[in-house]
Amino acid sequence: MEYFSLIGLVFITHILAVMSPGPDFLMVLKNAMQYNRKIAVYTALGISIGIGVHITYSLAGIAYILKHNRNIFNLIKITGALYIIYIGVKIWLEQKRNIITNTGQNSPMINAKQAIKIGFFTNILNPKVSLYFLSLFSVIIPQNTPLYTLIAISVMLIVITFLWFSFISFVLTTPKSLQVYQKYEQIIAKLFAVILIVLGLSILFNLTRESVSLHKNINHTTMSNPLLHTFDTAPFESIQPQHFETAIDKYIDETRAEITQLSQNTDKPTFKNTIEALEFTGMQLDRITSILSNLNSAETSKDLQDVADKVMPKLTAFYNDIKLNPELFSRIKYVFDKQKEFDLNDEQSMLLQKTYKSFVRNGANLDESAKTKLREIDQKLTKLKLDYSKNVLEETNAFQLHITHKDDLAGLTDDIIAAAAQTAKQMNKEGWIFTLHYPSYVPFMKYAENRALRKKMALAYGARAYQNNDFNNSQNVLEIVKLRKERAKLLGYNTHADFVLEERMAKNPKTVTQFLDDLYTPAYPAAQKEFKELAKMAEKDGISQLEKWDVSYYIEKLKKQTLDLDEEIIKPYFQLEKVTQGVFDIATKLYGLHFNEINDIDKYHEDVKTYKVTDENNNFIAYFYTDFFPRKGKRQGAWMTSYKSQWQKEGINSRPHISIVCNFTKPTETKPSLLSFNEVTTLFHEFGHALHGMLANTQYPSLSGTSVYWDFVELPSQFMENFAYEKEALSMFAQHYQTGETIPDELIEKIKKSMQFMEAYATTRQLSFGYLDMAWHHNESPESIKNVGNFEEKVFQKTQLVPHHKENNMSVAFSHIFPGGYSSGYYSYKWAEVLDADAFALFQEKGIFNKETAQKFKVLLSSGGTKHPMDLYIDFRGHKPKVDALLKRAGLE
């Protein structure tokens with residue numbers, strides 16, 4: 001409808017223009033009308049053609065500006081408005097000019113052809129006509145006017161001009177009609193002049209108002225959007241969800257310009273002007289994207305999820321544009337093919353290999369049709385993974401076990417009960433509330449004597465994203481595995497696992513399967529024996545069939561009976577603040593690091609603590625964030641992440657900003673946060689990842705810190721867990737939160753013995769996840785899978801120890817391998833255990849705080865991905881890893 005209004009406005013303005021006595025072309029028509037109607041009509045035709053040319057030029061200019069340079073459109077509007085006002089004033093002042101005079105009676109006769117020429121050339125040679133129409137169109141036509149509307153306007157005005165001039169040629173050649181026109185011509189001129197002046201002034205007024213508003217908006221956006229400014233630490237406290245889209249759009253454009261300049265560089269490709277230049281493009285975009293991704297995991301909201309839904313597809317498309325850029329890839333390929341001509345060090349050579357492979361493995365060698373298909377697949381996967389994560393979080397938050405009878409709390413400790421009461425209080429409810437979040441769910445399953453309630457909790461946990469509602473992930477799983485297979489096939493691989501494992505230490509699915517089988521052979525029979533012991537204990541309570549909701553409960557009872565180890569006796573020695581200080585002190589002894597809590601940088605939540613990390617010479621090493629407690633906007637689990645990578649350029653060693661995120665038991669009104677031993681090892685695990693990031697000391701960001709093979713990345717984290725079992729380390733921080741007593745030696749011995757307790761079951765459980773991962777991703781026909789539950793049940797039969805329940809499913813909430821980065825890589829946890837057991841054996845041999853050994857391991861950590869991980873490991877250990885240390889530690893020799 002707005003376009004009909006637009007055409008109407010142009011029509012009315014144009015009619016008034018051709019009726020007005022001001023324009024020069026009417027003076028030409030005036031003279032033609034002195035001869036006869038026929039000559040007047042031919043003259044009108046010539047005028048119309050001439051005006052048509054001016055209209056076409058003017059609209060073509062407007063169309064070009066709208067398409068290619070909208071930034072100057074307002075400037076043209078201002079100029080046009082001023083010219084329109086000038087025309088209006090001029091017509092007002094000249095209104096007494098009479099359109100018809102009797103001065104042409106002695107003019108020589110002209111024929112039709114001459115009449116057309118006179119009408120045409122009178123206009124075509126007059127630039128003021130084009131200026132008039134350009135001005136008119138610029139002030140009337142909005143920026144979003146489509147091309148077809150401009151064409152319609154052009155045709156319409158040409159036709160109107162001819163018809164109107166022909167009409168007045170007939171009418172005004174009769175004395176009576178001429179008298180009527182002469183009577184009203186000054187009124188028409190005044191009306192037209194007023195309309196032009198008002199139109200011009202209104203355009204100027206609106207442009208001024210828009211300019212002030214835009215200036216305020218730009219000023220407000222720029223001032224209030226911290227992501228549009230250079231910053232060091234992330235400005236969390238100033239960020240609003242809507243800031244991300246504006247900033248990401250801006251930095252996509254800037255990065256695109258950098259890529260265009262790089263790819264169109266006419267200089268001969270070199271490592272420095274191509275590979276290294278590419279490495280340092282888009283760094284601000286990477287930072288902002290990492291902030292968004294991390295907040296979407298640790299402190300999300302509906303608004304933030306909506307923003308992620310909008311920008312992630314944009315980012316996927318943009319990164320595809322880079323990887324599929326033929327000019328850029330030709331430069332990379334040139335350097336790769338001629339690499340022997342460049343004097344590259346090991347790190348530069350690794351960056352070149354990684355860059356070239358990343359382009360090839362993301363479609364650079366595909367034809368245009370295949371590239372288009374790849375883009376479509378990547379867009380779909382981006383959305384599916386976002387939806388998957390949101391569904392798991394929604395389902396985790398949705399369930400509550402609300403207990404109102406105290407008898408139902410039997411077996412639970414005072415700490416667990418107090419935490420549940422606090423949760424209920426926060427929700428304005430009486431009694432106690434337990435949720436599916438780790439610190440609430442796990443203790444309940446370990447200690448609650450009410451088997452019916454344990455069952456309710458277990459089935460609810462297993463049913464997340466598998467219920468008959470909008471949050472069911474079954475279809476998402478099937479679509480993800482199908483698209484991953486299609487993508488791999490498009491790139492020349494049989495399966496997604498073949499594609500992924502090419503860039504892993506394991507190299508191929510056969511090696512992974514053999515590795516899992518080698519551990520399965522001793523682990524599963526031992527796990528069956530362990531379960532028989534659990535079953536015997538359960539039989540004493542009248543339970544003939546051990547179920548999934550019984551396992552944690554009876555493992556805890558058996559541990560207490562066998563090892564005389566009660567988790568609730570251990571927890572008072574592991575106050576969160578002291579354990580945190582303990583890992584800091586261990587890092588000081590090993591690597592000379594010092595952690596000082598600071599409060600002068602932004603935090604994204606009040607639970608977050610921030611630290612400045614320095615070395616023994618007080619040199620700045622890193623900023624470190626910790627975020628330990630569960631909340632509604634935080635996904636489950638524990639992870640390490642980075643808000644800024646480490647890199648070196650132009651003599652500057654830019655240091656990293658590292659974070660660890662966990663879901664530990666919150667402090668209550670009467671007690672501090674006391675960790676279970678499993679939570680202690682989780683903190684050590686994530687801190688090991690953090691050290692890998694903090695100690696990074698490489699040239700290039702994509703090779704820095706944890707940018708290593710996925711089956712190597714778990715070495716630093718799992719290696720760090722070993723210290724939690726060592727007396728020399730425990731004595732540094734394990735003091736009773738009330739008495740200050742250091743943990744007794746007998747408890748330490750029991751903790752060390754617990755390393756082997758039910759280890760076969762734990763190993764089998766991990767292997768089952770690894771097998772499930774490979775079953776989904778080393779599958780040549782995932783499109784044939786129709787039912788997620790049936791497929792998973794069949795895979796788990798090999799490792800099954802308790803009955804399967806059809807209302808539960810692991811795959812729909814297996815965030816590591818579907819939205820996460822562990823697809824075809826879950827085996828890496830066990831793979832890295834071989835490495836960490838073998839590595840820590842050297843520390844046990846030399847002393848766990850031996851400076852020389854620690855320094856060698858520090859080199860491994862700081863090297864990131866600059867060398868092949870096996871080379872880094874051999875440099876540290878002196879030989880390839882051996883499985884013996886792991887089997888010994890697990891009691892599976």
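Contact here means that heavy atoms lie within 4.5 Å. By that criterion, among contacts in the protein with a separation of 6 or more, 77% are accounted for by residues 24 or more positions apart. The structure is a predicted model, and its secondary structure comes to 34 helices and nine strands.

Five strands form an open sheet with mixed pairing, and their order is β3-β4-β5-β9-β6. At its edges stand β3 and β6, each of which pairs on one side only. Taken on average and with direction ignored, neighbouring strands of this sheet are turned by 25° against each other.

| Element | Residues |
|---|---|
| Strand β3 | residues 594-598 |
| Strand β5 | residues 620-627 |
| Strand β6 | residues 639-644 |
| Strand β9 | residues 657-661 |
| Helix α11 | residues 283-298 |

How do β6 and β9 run where they are joined? The two strands are antiparallel, and five bridges join them; within this pairing, Ser-642 stands opposite Ile-658 in β9. Helix α11 packs on the sheet, where the helix touches β5, β6 and β9, and the direction of α11 makes about 150° with that of β6. Strand β6 is thus described from two sides: as an edge strand of the sheet, and as one of the strands touched by helix α11.

How values were computed
Residues numbered from 1 in each chain as written. Predicted model: local features only at pLDDT ≥ 70, side-chain atom pairs only at ≥ 80, totals over all residues. Heavy atoms only, no water. Pairing = 2+ DSSP bridges. Helix = DSSP H or I, 4+ residues; strand = E, 2+ residues; numbered from the N terminus. Axes fitted to C-alpha atoms, helices over the stretch in contact; angles between N-to-C directions.
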